[in-house]
Each structure stands twice: as structure tokens, then as C-alpha cells.
Amino acid sequence: MKNLIIFFTLILFINNTTGAQDSTEVIRKKIYVTKSIEQTLPPVVDGLLNDKAWNLVEWAGDYIEFQPDENTPPSHQTKFKIVYDSKNLYIGVRCFDAEPDKIVKRLSRRDGFEGDWIEFNIDSYHDKRTSFSFSVTAAGVKGDEFVSNNGNNWDESWNPIWYTKTNVDEEGWTAELRIPLSQLKFGKEDEQVWGLQSTRRFFRAEERSLWQRKPIDTPGWVSEFGELHGLKHIEPQNQLEIQPYTVTSAETYEAEDGNPFRDGNENDITVGLDAKIGITNDLTLDLTVNPDFGQVEADPSAIALDGFQIFFREQRPFFVENKNIFDFRVSRSEAGDTFGFDNIFYSRRIGRSPQGSPDTGDNEFVDQPDNTPIIGAAKFSGKTKDGWAIGVLESVTAKKYALIRNEAGEERREVVEPLTNYFVGRLQKDFNNRNSYIGGIFTATNRDNLTQELEFLHKSAFTGGLDFKHQWNERDWYVGGNITFSRVSGSEEAIKNTQESITHLFQRVGADHVELDSTRTSLAGSGGNFQIGKVGNGHWKFESGATWRSPELELNDIGFQRQADDIRHYTWIGYQTLKPDSTFRRVGINYNHWSAWDFNGNHNVLRFNTNSWQNWKNNWFSNLGATYSPIQYSNFALRGGPRLRQSSGINMWNSVSTDRRKKLRFSMFQRGNKAFDNSYRFYYIEAGVTYQPINALRVSAFPSLSTNNDKLQFIDNFDDVNGSPRYLNGQIEQRTLSMSFRLNYTINPNLTIQYWGQPFISRGRYSNFKHIANPTAKRFDDRLQSYAGDQVTFADDSYSIDEDLNGTEDFSFDNPDFSFVQFRSNLVIRWEYIPGSEIFLVWSQDVSQDGDPSDGLLSSLGDNIFGQKPQNIFLLKATYRFVL
């Protein structure tokens with residue numbers, strides 16, 4: 001109770017002492033009145049602004065600086081005009097510059113946002129939460145994003161068809177934009193009012209100026225727009241686009257003697273279709289048949305020793321576009337990504353690698369599919385004029401077989417992935433003058449005709465959730481949250497596997513509140529979170545909340561979840577400057593603390609954190625932070641063993657990056673984690689350079705190194721000859737070295753060459769084997785029982801343990817040392833030969849080897865990459881976009 005009184009007193013103090021003058025300031029909403037040009041010729045989009053149509057309207061201007069010094073005159077002014085006809089919106093803009101020869105015209109791919117640029121945000125729904133963003137750089141590179149959640153989400157995957165040209169003259173630079181109305185969403189009113197904002201980046205001063213002033217501390221973005229008036233008698237345009245494609249591919253690799261399925265090369269040709277159909281002006285149906293994702297960059301290499309799955313971001317275009325509509329975090333915080341990536345919908349589950357593997361005998365060869373083809377998928381999404389956000393996704397993946405052949409040539413097939421249907425439905429409704437919303441989500445995974453070999457999979461999985469958010473006091477204060485439910489069904493084997501998985505571990509020792517039931521055929525759980533906070537109107541911000549995941553919550557059929565059985569509470573308080581001074585452009589400092597319990601009431605985590613970020617006067621960026629962890633227990637470290645105490649320690653990090661505008665720039669990030677009793681030490685550093693010698697070329701190299709020294713690294717669980725459990729751990733010395741290299745060459749905004757490559761090696765050596773004796777003992781040495789040298793025997797790459805030295809082996813285990821070496825690369829040539837239609841030429845390489853753990857890092861990296869025959873994949877993909 002005392003802590004609660006202190007907490008709410010602090011909230012009241014913050015509320016009463018923050019920027020009262022800012023919250024009462026009245027910002028005048030600007031209005032621009034456009035006119036129709038139906039009676040004259042439309043502007044020719046050449047960037048020159050010399051068409052008669054522009055004479056029908058007045059200039060808008062008087063931009064005001066937004067960053068770094070808000071509400072001051074910008075270095076150079078900007079002005080624009082807007083006209084329209086029955087099919088298009090036209091924007092002409094002049095960016096004044098007294099030194100036009102210094103205008104920066106860096107080239108990049110679409111959405112590169114390099115150099116000087118101008119941006120227009122159009123809230124054609126006028127819902128004050130979503131908008132369509134169109135940008136063009138002085139070099140003529142287009143950028144477009146769909147903005148949602150009042151500016152908290154900017155989706156670069158949205159790629160509408162529109163047209164633009166730029167020109168540099170003695171007054172600065174100019175741009176013309178033609179935006180087809182079919183690419184915007186709006187209602188049927190006879191006279192429209194849209195939200196409008198424009199932002200200019202003046203590159204040399206790294207300055208942003210706005211047409212409609214928005215104080216730096218005002219929460220929200222779209223809600224603060226000015227207005228576009230004068231749009232009369234325009235009709236919503238239903239979108240209809242069809243994009244067929246064809247892909248030819250060739251694959252080469254190291255042939256395997258005697259294996260008929262690995263003869264060294266494969267060839268294929270496929271066709272498919274993507275379509276975008278405007279059901280209404282508000283709602284769009286996206287279809288894909290036999291989609292191809294060959295041009296997508298490979299996932300970075302990674303190794304996890306904690307047993308949990310690794311989160312990889314979605315890169316496939318069909319799933320990336322409009323992904324924000326389907327987003328439903330189990331634990332969401334305005335303070336940041338406090339609780340990881342757990343989400344009801346994780347699109348990487350669709351088209352994953354087959355989950356089954358066939359039973360094979362001696363001298364049998366297997367043709368195992370690498371992934372599960374998506375037969376077809378449909379996505380129905382959009383937002384209506386009256387505030388309904390709708391998202392429906394339906395996808396079917398194919399039934400896949402592994403082909404097995406013996407030496408006699410006899411063949412058989414085994415199912416490794418069933419025919420599966422995935423469904424996601426998402427709905428949100430704005431109300432209270434767009435200050436509040438309530439929403440829901442439902443997902444379903446259904447697998448067809450599970451064979452005996454696939455009885456370990458769930459037959460069906462369903463999740464549902466409700467979320468809400470309410471804002472008040474000019475969106476300065478908010479309260480929000482969600483609740484999630486899940487239910488999975490299947491065979492007794494499938495549900496038993498779920499209970500025993502590392503996400504749940506119902507079988508773990510000492511967990512009296514859960515029980516492994518091998519007869520169950522379903523499992524149902526819940527999760528959710530609640531938060532209250534303050535986000536703007538002054539220097540101070542704060543948020544406090546709680547989140548939970550019941551022991552039975554299971555999302556991993558179509559979602560992402562690392563662990564269940566968790567209850568957390570957190571509080572975050574932040575302070576930020578609003579004006580630059582002689583040293584900084586802006587500075588922020590934050591304080592956090594959080595605690596975690598399981599559903600048995602065990603207090604597993606207590607952590608305190610402080611961190612700060614700095615934007616320096618010379619436009620360098622830096623941050624630093626530290627987390628003190630006095631209480632740390634894990635229910636999962638022993639993989640079904642008892643709850644394990646982990647030593648208290650401190651985690652520290654910092655980063656530095658030089659001015660990102662420079663042609664040569666440097667950045668560095670490092671973090672370290674150390675126990676006070678020296679039972680674990682971890683250090684990671686990544687540093688690199690980016691060099692842009694000319695506007696068309698940019699290269700970067702970012703090597704990284706991590707060292708992990710942990711005296712209590714889990715190996716396996718055993719029963720000795722007497723049936724006593726042994727939770728085997730060892731001391732690991734792990735070293736991981738990698739480097740990400742990128743090259744981007746932009747011949748013109750529509751023709752680009754991109755290369756990415758990453759060598760990677762992770763090596764781990766184990767020693768000082770031990771088992772857990774007293775898992776919750778305060779002293780580290782009291783938690784374990786180490787094995788002496790004469791108790792351990794190593795032979796034939798295996799260890800034997802004789803605890804009582806009676807000459808009888810108590811248990812044995814394979815040598816856990818490892819060395820994993822990998823090199824991955826992607827070379828993509830992309831040509832957008834007409835807007836929306838592209839040709840891709842792709843070359844991907846992969847070399848993956850198990851090295852010798854006794855070798856050095858660099859020598860092992862060289863021996864296992866250079867001189868090896870890589871897996872090469874060559875793709876030629878051509879698409880044509882029909883706009884009907």
C-alpha cells in the first residue's frame with residue numbers, strides 16, 4: 001500500500017508540474033482551398049511548374065521549423081499548390097534554396113529518403129488517425145507510406161502507382177506529383193474535407209519544417225494536420241490491378257555420391273498471379289496464387305542456447321503490406337518493446353519449413369521439401385470513412401510429401417506437412433471523436449487429415465482477443481489494454497508435446513500449480529495487458545501497466561510466443577528536452593523498473609533500469625543505459641527441472657553514431673552483462689562504416705563479435721543408474737563472429753543493384769561439468785555439484801560420468817562442443833521498367849558447415865567457407881501490372 005501511495009503521488013506531481021503553458025496553447029488549423037481543372041489541360045508532370053492549370057489556385061506557404069528548433073523560421077521557405085480533376089490529385093511544390101548547387105541529390109531505391117526531400121501526408125478518410133504519405137527527393141526518388149495509429153506506424157511496404165518529377169533551378173528545386181484518386185481512400189460526400197500536412201527536409205542543416213505547425217511535445221501526428229478544402233464532385237475510384245509473374249530458377253550445389261536427389265543441380269519454371277481489387281473505395285482485396293518470394297533477402301544467421309525460438313522479421317511482400325492492421329501484441333507498451341515480440345499473428349508460420357520428417361532406414365535417401373508452398377492467399381483490408389478498420393486474411397498451404405528411395409530404386413512417400421488453412425480476422429472501431437477505439441481479433445489454424453506420422457501437430461488452434469484505448473486531455477493521457485484467449489486441440493500426443501514444450505514445461509519439478517496430463521486433447525489459456533500513461537504536452541512522460549500469460553496460453557500455430565506462466569508489472573518515467581541548446585539538439589532520460597511472477601506466486605524477476613539518449617549539436621547520436629537485476633530466477637533454464645536461481649548482476653550498453661548525412665559515417669553499439677559473483681559474463685560489440693563516394697553508390701560493412709562465458713550453461717537432463725535426476729550443466733566459452741556487408745548502386749530511381757553478404761561463425765567449448773544440487777541456494781557454489789577430473793572420462797567424442805568412482809558409468813552424454821559456420825549472400829538487380837511492373841535478377845548463395853571447435857575463429861571461418869562449393873540459386877522474375 002505504501003508503494004501505491006508513493007506511485008500515485010508521483011503521478012499527480014508530474015501532472016501538476018509539466019508544461020501547463022504548452023497544453024493551453026491554441027494552434028491555428030491551416031486550410032488550403034484547391035480547385036478543379038476539368039475545364040483546362042492538366043499539368044504535365046515534368047517538375048517545371050509552367051502549366052496554366054497552376055494559375056487557378058494560390059500558393060500555400062509559411063512553413064515553420066519542427067526540428068531541431070520548433071516554432072522558429074526555417075532556413076528556407078517552401079510553398080505548394082494543389083489542383084485536381086476527376087481522376088487525379090496534382091501537387092506542385094517549390095523548395096527555395098539560396099545555394100542550389102549545394103542541394104543534395106542522393107540516389108536510392110524507393111523509400112530511401114536520402115538527401116533533400118518534400119513530403120505530403122493526406123488524411124483522405126479525415127479520421128485523424130490514418131493517412132497516405134507521398135515523398136519525393138530532389139533526385140526524383142519516390143517514397144510512399146501508409147500511416148496508421150495516429151503516426152505511430154509508418155508502413156513502407158505500401159507501394160501505390162503515382163508519378164513525380166523534380167527539377168533544380170536558380171531558386172532552389174521544384175517537384176510535381178500526380179496521385180491517381182484510385183490510390184486514395186475517401187467517402188462519397190459531394191464536398192470533401194481532407195487532412196493535410198507537408199514536411200520538408202533541408203538536408204544541409206538536418207532541418208525539418210512543416211506547413212501545419214505541430215509542437216514537438218504534442219502527442220499524435222495525423223490528428224494535428226491542417227485541412228484541404230474545395231474537393232467537389234469527386235467519385236471514389238475502385239482499384240483493380242492484376243500482376244501476373246513468371247520465374248525461371250536454377251540451383252547448383254555440391255553433389256552427394258549415390259544420392260539421386262542431390263545430383264548437383266535443379267531447374268524450374270513457375271507462374272503465379274497477384275491481384276488488388278477495390279471492393280469499395282475503402283476496402284481492398286489482395287489475392288495471390290502460387291506466390292514467389294525468391295527476391296527476399298535471407299534471414300541473418302543466429303544461434304540460441306536458451307532453447308527458445310528465434311524471432312525473424314517478415315520480409316515477404318504479400319504479408320508485409322498492411323501488416324499493421326493485423327498486429328496484436330500480447331503485451332503492448334508506449335514505453336517501448338518491453339516484453340518481446342509475442343503476437344497473436346506471426347505470418348512467418350505460413351509457408352514455414354515442413355514440420356515432419358520421415359522415418360528412414362539404412363541406405364535410404366530422402367528428398368525433403370525446404371518449405372511449404374502457399375497455394376493461394378487472400379487479404380481483405382482497409383478502413384471505412386466512419387472509422388471501421390477491417391482486416392481479413394485467408395491462406396492455404398499445400399500438403400507436402402518427402403520422397404524416400406532405397407538403393408534398389410524403390411520409392412515411397414511420407415507426409416511431412418498437412419494441407420493447412422490459416423485465417424486471421426481483425427476489426428477496430430474509432431469513436432469519441434477518434435480519441436478512442438475498441439477492437440478484436442480472431443485466428444484459426446486447421447490441419448487436414450493428420451497422418452500417424454503427424455499426430456504430434458495440433459488438429460486445430462484458435463485464438464481471440466479484444467483491445468481498447470482511450471485518450472483524453474488533447475490525447476495527452478491514455479488508458480489501454482487487451483485480453484487474449486487461446487485453445488488448441490489435437491491428439492493426446494500433440495497436447496502432451498505442447499505441455500512439455502519449453503514454452504510451458506508442465507512437467508517441471510516443483511511446479512505445483514501445473515500438472516502434466518497425458519490424456520488431454522485440448523488446452524485453453526489466456527493473456528493480456530493493461531496500461532495507463534501520459535505521452536505529451538511537456539517534458540515529462542510516464543506509463544505504468546501489467547501483463548500476464550497463463551500457463552496454458554499457446555499461440556505458436558499462427559502466432560509467436562516464447563513462454564507462458566508469467567505475470568509482470570512495470571513503470572516507466574521519461575524526461576525529454578524540447579529546445580536545442582549549445583550542446584544538444586535533444587536529450588531524453590528514462591527510468592524503468594519491472595517485476596515478474598509465475599502463477600504459483602514465485603517472484604522471478606526484479607529489475608531497475610535507467611537510460612539516456614542524446615542528439616548532439618553536430619548531429620551525432622548516442623545512448624547509454626544500465627539495468628540492475630537483484631532478483632533473477634528461471635522456470636525454464638533446466639528444461640523441466642526445478643526453478644533455478646540465477647545470480648544478480650548488471651547489464652550495461654551504449655551506442656554512438658556519427659552524422660548520418662556525411663558520406664563517410666561510423667556507428668558502434670556494445671553491451672555487456674555480468675554477474676556480481678562472476679558466474680556469467682557476456683559482451684557484444686558491433687561497429688561499422690558506411691561510405692557513399694557518389695550519389696549513386698553506398699557501401700557498408702558492420703562486423704560484430706560476442707563473447708559468452710557462463711559457468712552454468714544447460715546441457716541435458718539425465719537419470720543416473722539409480723534413477724536419480726541429474727540436471728547437467730557446464731561452463732561454456734562461446735565466441736561468435738560475423739560481418740554484414742551491403743552494397744547499393746542506384747543507376748536511376750527505377751534501376752538498382754543491391755548486394756548483401758554475411759559470413760558467420762559461432763563456436764562453443766564446454767568444460768567443468770556439474771549438476772544442480774540446490775537450485776535456489778543464494779551462493780552460486782551451493783547451487784551445484786561439480787565433477788572432478790577423475791569422475792569424467794572422454795572417449796570417442798563422448799563423456800562418461802562415474803560419480804561414486806566405483807568403476808560403473810552413471811550416465812554419459814555426447815560432446816556438446818560445437819562450431820557452426822555459415823555464409824549467406826543475396827545479389828538483386830531490380831528494374832521497374834514501367835510503374836508497378838518489375839524485372840528481378842537474383843543470385844543467392846549459402847554455405848553452411850559444422851567446423852572443428854578446437855580451431856580458431858578466423859581459421860575455421862576460412863576453411864569452411866573458402867574452397868567449399870556453395871549452394872547457388874539463380875532467379876529471373878518478371879512481373880507486369882495491369883491497371884484496369
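Reader: What does the T164 side chain reach, and at what distance?
Author: The backbone oxygen of E176, at 2.9 Å from the T164 side chain. A polar contact is an N or O pair within 3.5 Å; within protein, one atom must be able to donate a hydrogen and the other to accept it, and sequence-adjacent residues count only if both atoms are side-chain atoms. This is a predicted model: local features need pLDDT of at least 70, side-chain atom pairs 80 or more, and totals for chains, interfaces and linings use all residues. Residues are numbered from 1 along each chain as its sequence is written, and side-chain values use heavy atoms, without hydrogens or water.

Reader: Which strand holds T164?
Author: Strand β10, residues 163–169. Strands are DSSP E runs of at least two residues, numbered from the N terminus.

Reader: Is T164 buried or exposed?
Author: Buried, at 11% relative accessible area. Buried means under 20%, exposed over 50%, partly exposed in between (1.4 Å probe, protein chains only).

Reader: And what does T164 touch?
Author: Beyond four places in sequence, V45, V136, K142, E176 and L177. Contact means heavy atoms within 4.5 Å.

Reader: New topic: E119. Where does it lie?
Author: In strand β6. E119 is buried as well, with 7% relative accessible area.

Reader: Which side chains make polar contacts with the E119 side chain?
Author: N121 is one, at 3.3 Å. S133 is another, at 3.5 Å.

Reader: Now the largest nonpolar core. Which residues touch the most other members?
Author: Y32, F80, F134 and W194, out of 42 residues. Such a core is a set of buried Ala, Val, Leu, Ile, Met, Phe, Trp, Tyr and Cys residues joined through side-chain atoms within 4.5 Å.

Reader: Which elements give two or more residues?
Author: β4 (78–84), β5 (88–96), β6 (117–123), β7 (131–137), β11 (172–180), β12 (191–202) and β14 (226–232). β5 gives the most, with five.

Reader: What does F80 contact?
Author: Away from its sequence neighbours, its contacts include Y32, W59, Y63, F120, L196 and W211.

Reader: Which residues belong to the second core?
Author: That separate core has 15 residues, including F326, F328, I344 and I350.

Reader: Last one: where is L273, then?
Author: In strand β16, residues 265–278. L273 is partly exposed, at 33% relative accessible area.

How values were computed
Helix = DSSP H or I, 4+ residues; strand = E, 2+ residues; numbered from the N terminus.
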